[in-house]
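Please look at the sequence and the structure as they are shown.

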Amino acid sequence: MARKLDWSGLFSNQPVMSDISYEERSEYNRYMIEIPFEYGKPKLTSGVIAGEQLWLELAKMHWPVRDVKDYSKFNIPFKCIATDVATGDIVTMDKGEIVQSIRASMAIPSVFTAVRIDGRKLVDGGVVRNFPTITARDMGAEIIIGSNVSGGLRTADELNTPIDILYQLGFYKDAADFVEARKLTDIYIEPDLKGYSAASFGGVDSIIEIGKRKGRELYPVFKHLADSLNALYPGTDFVKNRLPVVPDIEITAIAVTGLLHSDEKFFRGRLGLKAGAAIPRI
């Protein structure tokens, strides 16, 4: 998945050129700064990146479980962590729209726009709990394998810009939480990711290779654990693909309402869908 993604487009606030109508292409990507207007007034966001393309990609990835609103009903029970930007409280999300929850849990403050859920503005859970072993234990986990890809707090010599300092201040609370979280880990994994950051999307291949190398190094530990579990629970098989089967979607009819700046024929042409056609499952 990581190798197939268009990372530059994923974190851009610009749609791809092919999605721009012919009439608007002369204005496409001409300006250094663009300010959106809503009802005649400039609209300022809570982060640099709104990431509409990211929302769409997450929706594709989670399509097979789109109708599951209780995350404990997933094949592997799931929770994710966000931070209430108003109070600094940990928000554990285990119900609702899965894409909205995932997007909130990864909204790095001031980089991604915050996500509003149930009246609260939420940002990246890593601000308060980036290594959620405490949450896993509360869910009932008896054995915890923790992989820590965070570099932790930076040293004084590494804090050179206002952004560096702002980022550091935002993760003090998580650093304190990690002290207790680390103690709950039965198998602790910390790959050597020096030189990489949360924005190292161009290093996908080399980062994956680092992970594989670490996995081979810890193979005897995992093998011993697997043998022990198989002895306790014989006949347990590993299932690689646990997602439910998603059937093709058949479009029976298309109705268009509410157009203000376009006619229906042009809109249908841009939509590229026809009644009676089928959309293959993702």
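I will begin with the chain as a whole, then turn to aromatic rings, and finish with a pair of helices.

This is a predicted model, in which local features need pLDDT of at least 70 and side-chain atom pairs count only at pLDDT 80 or more, while totals for chains, interfaces and linings use all residues. Residues are numbered from 1 along each chain as its sequence is written, and side-chain values use heavy atoms, with hydrogens and water left out.

Of its 282 residues, 26% count as buried, where buried means under 20% relative accessible area, exposed over 50%, and partly exposed in between, for a 1.4 Å probe and protein chains only.

Let us now consider the aromatic rings. How many aromatic pairs does the structure hold? There are six. Rings of Phe, Tyr and Trp (its six-membered ring) pair if their centres lie within 6.5 Å; planes under 30 degrees apart count as stacked, over 60 as edge-to-face and the rest as tilted. One of the pairs is Tyr71 with Phe74, which is stacked, at 5.5 Å centre to centre and with 20° between the planes. Tyr71 is buried at 0% relative accessible area, and Phe74 is buried at 14%. Together with Phe78, Tyr71 and Phe74 form one aromatic cluster.

Phe131 and Tyr188 form another pair: their ring centres are 5.8 Å apart and their planes lie at 75°, so the pair is edge-to-face. Phe131 is in the loop between strand E8 (120-124) and helix H4 (133-138), and Tyr188 is in strand E10 (residues 187-189), so the pair ties together parts that are 57 residues apart in sequence. Phe131 is buried, at 6%, whereas Tyr188 is partly exposed, at 21%. The charged end of Arg182 also sits over the ring of Tyr188, 3.7 Å from its centre; this requires CZ of Arg, or NZ of Lys, within 6 Å of the ring centre and within 35 degrees of the ring normal.

Finally, the helices. Gly215, Arg216 and Glu217 in H7 meet Tyr219, Pro220 and Phe222 in H8, contact meaning heavy atoms within 4.5 Å.

Conventions. Helix = DSSP H or I, 4+ residues; strand = E, 2+ residues; numbered from the N terminus.
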